[in-house]
Amino acid sequence: DLYSKSSDTLGDILNLQADTQKNVYGYNFDEMNLREVMGFWHMNTHAMIDEIHEATDALGGIKDGNGNAIWKKWKSAYDTYGSKKFSDLSVDDQLECKFEVIDMLHFFMNYAISIGMTPSEMYNMYMSKNQENRRRQQNNY
């Protein structure tokens, strides 16, 4: 079952997204040449940017707030965001913003899937890179 829960949450997400790309959208990454992978990445980059914009608007409260006034300095509600916290948004607006982040996750996962990354590779490489980044900051990088 694609939707059964396990303790490997990252693996579950990555595997479900890989199955969606293969069995819903028909992508066969094992057969794609590098130019085709790049085309797939370009499409996902555009989609990711679109979702980032939607999340930015959602951070301003789409249902019960002023939405894009969070970043549009020329809107009268812009200044109200200097004192608001995420917890000040309605539950509906918080949920909307979180779903936009999940939309971004779909497209991010597509990059990894298209080059055959496994959940354990993602985990191990993240841990290694995070350790390196912390060391860099400790050494005035």
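What is the handedness of the crossing of H1 and H4? The crossing of H1 and H4 is right-handed, a crossing being called right-handed if the near helix is turned clockwise from the far one by less than a right angle, and left-handed if anticlockwise. The legends below describe a predicted model, in which local features need pLDDT of at least 70 and side-chain atom pairs count only at pLDDT 80 or more, while totals for chains, interfaces and linings use all residues. Residues are numbered from 1 along each chain as its sequence is written, and side-chain values use heavy atoms, with hydrogens and water left out.

**View 1. Helix H1 against helix H4.** Helix H1 (residues 9-23) packs on helix H4 (residues 119-138) at an angle of about 125°, and their axes are 9 Å apart. Helices here are DSSP runs (H or I, at least four residues), as strands would be (E, at least two), numbered from the N terminus; axes are lines fitted to C-alpha atoms, for helices over the stretch in contact, and angles run from 0 to 180 degrees between N-to-C directions. The angle makes H1 oblique to H4, since angles under 35 degrees count as roughly parallel, over 145 as roughly antiparallel, 65 to 115 as roughly perpendicular and the rest as oblique. On the H1 side the contact (heavy atoms within 4.5 Å) is made by Leu 10, Gly 11 and Leu 14, and on the H4 side by Pro 119, Met 122 and Tyr 123. By class, the residues of this contact of H1 with H4 are 5 nonpolar, 1 polar and no charged, where Ala, Val, Leu, Ile, Met, Phe, Trp, Tyr, Cys and Pro count as nonpolar, Asp, Glu, Lys and Arg as charged, and the others, Gly among them, as polar.

View 2. H1 contributes Leu 10, Ile 13, Leu 14, Gln 17, Ala 18 and Gln 21 to the contact, and H3 contributes Leu 105, His 106, Met 109, Asn 110, Ala 112 and Ile 113. The residues of this contact of H1 with H3 divide into 8 nonpolar, 4 polar and no charged. Gln 17, which lies in helix H1, has 8% relative accessibility and so counts as buried (under 20% relative accessible area, with exposed meaning over 50% and partly exposed in between, for a 1.4 Å probe and protein chains only). Apart from neighbours within four places in sequence, Gln 17 is in contact with His 106, Met 109, Asn 110 and Ile 113.

**View 3. The largest nonpolar core.** This core has 9 residues in all, namely Leu 14, Phe 29, Met 32, Val 37, Phe 40, Met 109, Ala 112, Ile 113 and Met 122; a nonpolar core is a set of buried Ala, Val, Leu, Ile, Met, Phe, Trp, Tyr and Cys residues joined through side-chain atoms within 4.5 Å. Two or more residues are given to this core by helix H2 (34-59) and by helix H3 (91-114), and the largest share, 3 residues, comes from H3. Met 32 touches Tyr 27, Val 37 and Phe 40, when residues up to four places away in sequence are not counted.

**View 4. Helix H2 against helix H3.** The axes of H2 and H3 cross at roughly 165° and come within 9 Å, which makes H2 roughly antiparallel to H3. The crossing of H2 past H3 is left-handed. The contact of H2 with H3 has 14 nonpolar, 4 polar and 6 charged residues.

**View 5. Tyr 81 in its loop.** Tyr 81 is placed in the loop between H2 and H3, and with a relative accessible area of 13% Tyr 81 is buried. Its contacts, leaving aside neighbours within four places in sequence, are Gly 60, Gly 65, Asn 66, Gly 67, Ala 69 and Ile 70. Tyr 81 and Gly 60 are 21 residues apart along the chain, and their C-alpha atoms are separated by 7.7 Å.

**View 6. Asn 140 after helix H4.** Asn 140 lies in the segment after H4, and its 70% relative accessibility counts as exposed. Although Asn 140 is not a glycine, its phi is positive, at about 55°. Most residues other than glycine have a negative phi.
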